[in-house]
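Subject: Structure handover

Hello,

Here is the structure I promised to pass on. My notes on it follow below.

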Amino acid sequence: MKKLRINELSFFLLAVVFLWAKTYISYQFEFNLGVEGPMQQFLLLINPISSAVVFLGLALFLKGRRAAITMILIDTIMTIVLYSNIVYYRFFDDFITVATLSQSGNIGEMKDGVLGILSGYDVLYFLDLLILVAVVIWKPSMAKISIKKWVAPIVVVSGIFLFFANLSLAEADRPDLLQRMFDRNYIVKYLGPFNYTIYDGIQTVQVQSEKLQATSDDLSMISNYTSSHYSKPNENLFGIAKGKNIIKIHLESFQTFLIDYKLNGEEVTPFINKLANGEGDMIYFDNFFHQTGQGKTADAELILDNSLFGTAEGAAFMTKGTNTFQSLPAILDQKLGYTSAVFHADNKTFWNRDQIYKQIGYNHFFDETYYDNSNSVNLGLKDKPFFEQSMPMLESLEQPFYAHMMTLTHHYPFNLDQEDATIDQATTGDTTVDRYFQTARYLDEAVEQFVNDLKASGLYENSVIMLYGDHNGISENHNRAMKEILGTEITPYQNAQNQRVPLMLHIPGVEGGVNHTFGGEIDVMPTLLHLQGIDNRELINFGTDLFSKTHDQTVAFRNGDLVSPEYTIVGDTVYDTATGEELESTEETDKLKSEVIQLLKLSDEVMNKDLLRFNDLADFEPVDPSDYKYGDTVKDTE
Ligand code: GP9
Ligand code: MN
């Protein structure tokens, strides 16, 4: 038999194949990555290769046995990264972040149950290392053979090249993947666990370095601003809903133009239209705007619960997941004994919700594992079964509660099964726009069913019910079709007007009707606090109570554009809000613009430097995320 010759390169190839194979096996048996379609399958297959080639390839800069031993050491580190994530995922259904590792509660909790989640088969994840060690021991001849000098740099550069090829395919399948992140599952699915770990490490260093520079002095500038911007509560409404449940209904991608809109002579959202026209004692804000950026739903959630803006880039829910917050659920809990809960039948890791909700102080998070998801479309469970299945969980909450019900069906790509469609699609030829009306109708029916159930259970009369659209569902890419729908050219002015989303509030004992006040998501927290009789003077809130006589009606968009009752400013162009007519800029409009830029800048300071950790509040204990446990394995905290 010919003697098997092993040099550094063949040893390297063996190690790469082993590492690739076990990573791919872990994808099949350990993680739920939600892989869809041939491109994602392909990326899953190739994504461990680049990291294996680059990192193990570094050892090729050494010679003979030293190369082999170094390679085994690097391989061991990579195996530990992989295996720790496997074990962590078995316990938490999530990947490790530096942030979670540093929260002692998580690891402590895992320690107690760790034996139960280990398996005898886990040895297989280390088998390749043993084989490689055996090769080094049995092939002492390796020390004498050396590969050419140019091999190592070529291998590493090819690995890097492979990584960029992988990344560009991933970005093509999921635009903005690295900027917005969406979900840790996505990064692993597209780029593999090793690149994920590096990415998380870089993020953590960036975030931490900004925080390190901050001192409590940075906060004084901010609190000077928020106290000078403070709006006194409206005396007639201050405390009017004290102790009442709050039920917040998130209307996914729902824009105000849908209200009272008729498609082929038929109302698209007849039930929500009735609410907008005062039925059910609803106050409808028809000049209310979303203020979200790249974080979309997550930004809306952040703004509503904190009266802070999302960050200029990415989703603050993901990048600022370890910040200190003084959020609505925690304040309601500590001041008035509220129980808080989010109901959302999506993967709990999407937008980092499983972490950030603990930071915000939500007592319960009913994620997709609480639901029978067999009847799903688009991102998850359809809204009708979602509300139906949520009802008993909602009723089981200790009162008073603050409950956030998050719908999903009316979400891009707006698919709907034929049996659920009760209105025809539009006929602009743009599929996104055409389908938008069918899912909006479905959502309307789901909300009607839920409101009826709330009435039947007695909860409606006794609760503040809030409905809101989180952000636009139709972007500027669909201007041609939208011109057909709205019967007007989608100019920059019109696009700004289209960022209206509905806000509706049912406050027990208060008459419904249309309220034309201009406002945005940033104003919701001060409004809800004042209805509860909690003054927001001490808080760092960038919005003002919508019912306050001195409420600031200038609505800042995340990109620095703005809408006020008089002016709409897009870039440097000023328009008359009522007519759309272009106006010369004046000192007044320049001032409005610079005020909005300042507002966003201050909010960014708070987020980037994590300044709320310096804001001591009377009668408020900082939220400790380790007090909160979600999921099936452990009972949620009360
Ligand atoms: C994700 C869902 C939709 O869980 O809430 O988020 P979006 O894509 O609208 O930001
Ligand atoms: Mn959304």
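An oxygen atom of ligand 1 sits 2.5 Å from an N or O atom in the side chain of D346. That is a polar contact, meaning a pair of N or O atoms within 3.5 Å; within protein, one must be able to donate a hydrogen and the other to accept it, and residues adjacent in sequence count only if both atoms are side-chain atoms. R353 makes another, with a polar side-chain atom 2.7 Å from an oxygen atom of ligand 1. For H344, the distance from an N or O atom of the side chain to an oxygen atom of ligand 1 is 2.9 Å. On its own, ligand 1 has 310 Å² of accessible area, and the protein covers 95% of it. (Accessible areas come from the Shrake-Rupley method with a 1.4 Å probe; for residues, only the protein chains shown count as cover.)

Before going on, some ground rules. This is a predicted model: local features need pLDDT of at least 70, side-chain atom pairs count only at pLDDT 80 or more, and totals for chains, interfaces and linings use all residues. Residues are numbered from 1 along each chain as its sequence is written, chains are lettered from A and ligands numbered from 1 in the order in which they are written, and side-chain values use heavy atoms, with hydrogens and water left out.

Back to ligand 1. Which residues are around ligand 1? They are E252, K296, T297, H344, D346, F350, W351, R353, L379, L408, H411 and H471. A residue is listed if one of its heavy atoms lies within 4 Å. This shell divides into four nonpolar, four polar and four charged residues. Here Ala, Val, Leu, Ile, Met, Phe, Trp, Tyr, Cys and Pro count as nonpolar, Asp, Glu, Lys and Arg as charged, and the others, Gly among them, as polar.

Next, the metal. Ligand 2 is a manganese ion, coordinated by E252 (OE), E252 (OE), T297 (OG1), D470 (OD) and H471 (NE2), at 2.0 to 2.5 Å. Donors are N, O and S atoms within 2.8 Å of the metal (3.2 Å for Na, K and Ca); water is not among the atoms, so sites may look incomplete. Six donor atoms surround the manganese ion, with angles of 55 to 164°, and the site is irregular. The rule is this: four donors count as tetrahedral if all angles lie between 85 and 135 degrees; four count as square planar and six as octahedral if opposite donors are over 155 degrees apart and all others between 65 and 115; anything else is irregular. Along the sequence, the donor residues follow the spacing E-x44-T-x172-D-H.

Are D470 and H471 buried or exposed? D470 is buried, at a relative accessible area of 0%. H471 is buried too, at 3%. (Buried means under 20% relative accessible area, exposed over 50%, partly exposed in between, with a 1.4 Å probe and protein chains only.)

Now the backbone. Most residues other than glycine have a negative phi, and most peptide bonds are trans. Some places here depart from that. The bond joining Q399 and P400 is cis, with omega about -5°. P400 is in the loop between α16 (383–396) and β9 (401–406). (Helices, H or I with at least four residues, and strands, E with at least two, are DSSP runs, numbered from the N terminus.) A cis bond also runs from Y412 to P413, with omega near 5°. P413 is in the loop between β9 and α17 (431–457).

F414 is in the loop between β9 and α17. Its phi is positive, near 60°, and F414 is buried at 1% relative accessibility. D619 has a positive phi of about 55°. D619 lies in the segment after α21 (587–609) and is exposed, at 67% relative accessibility.

Last, some distances. M466 is in strand β10 (residues 463–469) and is buried at 0%. Its C-alpha atom is 16 Å from that of Q449, 17 residues apart along the chain. L115, in helix α5 (residues 104–117), is exposed at 71%. L115 and V151 are 36 residues apart in sequence, and their C-alpha atoms are 44 Å apart. D523 is in the loop between β12 (513–520) and α20 (524–531) and is buried at 5%. D523 and F542 are 19 residues apart along the chain, with 7.7 Å between their C-alpha atoms.

Best wishes
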